[in-house]
Amino acid sequence: MSEALDHHALLGSLEDAFAEVARTALGQGEVSPQGHQDAPPPRWQGAYIGLVAGQGSLQLGIAADEGGCQLLARSLMSMADSEPPLSDAELADAVCEIANIVAGGFKSRARDKVGALTLGLPVFFHGPAQATEHTGVLVSLIRLASTTVALLLVHPRAQG
Amino acid sequence: MQILVVDDSKAMRSIVMRAVRQAGYDVTFAEAVNGAEALKAIRASPPSLVMADWNMPEMSGIELLHKLRAEGNTVKMGFVTSESDPSMRDQAFQAGALFMLTKPFTPDAIKAVLGPVLT
């Protein structure tokens, strides 16, 4: 993946992809960007999905607190307020599917920036992604309905 | 008339089935969690239509379609996937897919792809 890659531009593509999914699949018309930071709160949970390019890879993540994840999952499944909370397995499955759909939108939006990407399979996680010597993490906080969602972009650091 | 919905996400299988019902189709459903499970189900009892995800563990949707056609099975099949690459669409249609519906989809999009297939 190019060392000159504009990761903030990619984060913008991720924000656009999430906004579309929020409007359509989640039925949440209003999303409000709250700014960028290096990591979401440590106790948040969510889903990561990898996108592999010829020269590197990216990871996209969607995270929120427990209530936020319930809201995302229940919105995806068009659940009524009267229905009981989702189990851990149901919650993980639904949030992973949201990450999958967002990644598809990101992939088409980022094609002109990074070239062809191959989608991986999403995984559910607890806790924040950790930046390393070789990878950086960008986080965009998004207000959606009554919760805040973190969109994460884990990217390779430029070498040298 | 039966539709086999193939997706590793239980939530997405539920969403697809609900969307088909809401589009007004009087069908029954079977479910499979990946291409391998779908292949067994189709061999045992061919459905009227297969609606499959593309990216799944063990066997992807496109692998399923290739295997079906390779063994001469002409069951109707389309994709419901987050993938929208033109090259993947080409690959799907060349393999014999009838449609490629991109997630997130609208009720109108469901009707548009199922109308020609189920009538």
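What radius of gyration would a compact globule with 119 residues have, and what does chain B have?

Author: First, a caution: this is a predicted model. Now the size. A compact globule with 119 residues would have a radius of gyration near 14 Å. Chain B has 13 Å, which agrees. Along the principal axes, the C-alpha atoms of chain B fill a box of roughly 35 × 35 × 25 Å. Of its 119 residues, 43% count as buried.

Next, the parts list. Chain B has 5 helices and 5 strands. Read from the N terminus, the elements of chain B run β-α-β-α-β-α-β-α-β-α. Contacts in chain B also reach along the sequence. Take those between residues at least 6 apart: 62% of them join residues at least 24 apart.

Now the sheet. The 5 strands of chain B form an open sheet, and the pairing is parallel. Their order in the sheet is β2-β1-β3-β4-β5. At the edges stand β2 (28-32) and β5 (100-102) of chain B. Each has a single partner strand, so one side of each is left without a neighbour in the sheet. Neighbouring strands of this sheet are turned by 20° against each other on average, direction ignored.

Look at one pair within that sheet. Strand β3 (residues 49-52) of chain B pairs with strand β4 (residues 77-81) of chain B. The sense is parallel, and the pairing runs over 3 bridges. Here A52(B) stands opposite F79(B) in β4(B).

Helices lie across these strands. α1(B) lies across β1 (2-6), β2, β3 and β4 of chain B. Its direction is at about 150° to β1(B). Helix α3 (residues 61-70) of chain B lies across β1, β3 and β4 of chain B. This helix runs at about 175° to β4(B).

Helix α1 also has a part in the contact with the partner chain. That contact takes 15 residues from chain B and 16 residues from chain A. On the side of chain B that touches chain A, the largest share comes from helix α1 (residues 10-22) of chain B, with 5 residues. By class, this side of chain B divides into 5 nonpolar, 7 polar and 3 charged residues.

Turn to the partner, chain A, for a comparison of strands. Strand β1 (residues 31-37) of chain A and strand β6 (residues 135-144) of chain A run antiparallel. They are joined by 6 bridges. In this pair, Q37(A) stands opposite V139(A) in β6(A). β6(A) is also joined to strand β7 (residues 147-156) of chain A by 10 bridges, again antiparallel. There, I142(A) stands opposite V149(A) in β7(A). β6(A) and β7(A) form a hairpin with 2 residues between them. In the turn, A145(A) has a positive phi of about 50°.

Last, two helices of chain A. The axes of helix α2 (residues 66-76) of chain A and helix α3 (residues 88-114) of chain A come within 9 Å. They cross at roughly 75°. Angles of 65 to 115 degrees count as roughly perpendicular, and α2(A) and α3(A) are therefore roughly perpendicular to each other. From α2(A), the residues that meet α3(A) are C69(A), Q70(A), L72(A), A73(A) and L76(A). From α3(A) come L91(A), A94(A), V95(A), E97(A) and I98(A). By class, the contact of α2(A) with α3(A) has 8 nonpolar, 1 polar and 1 charged residues.

Note on methods: Residues numbered from 1 in each chain as written. Chains lettered and ligands numbered in written order. Predicted model: local features only at pLDDT ≥ 70, side-chain atom pairs only at ≥ 80, totals over all residues. Contact = placed C-beta atoms within 7 Å. Helix = DSSP H or I, 4+ residues; strand = E, 2+ residues; numbered from the N terminus. Nonpolar A, V, L, I, M, F, W, Y, C, P; charged D, E, K, R; others polar. Pairing = 2+ DSSP bridges. Axes fitted to C-alpha atoms, helices over the stretch in contact; angles between N-to-C directions. Rg over C-alpha atoms; globule rule 2.2 N^0.38 Å. Buried ≥ 20, exposed ≤ 12 C-beta atoms within 10 Å, placed from the backbone. Parallel < 35°, antiparallel > 145°, perpendicular 65-115°, else oblique.
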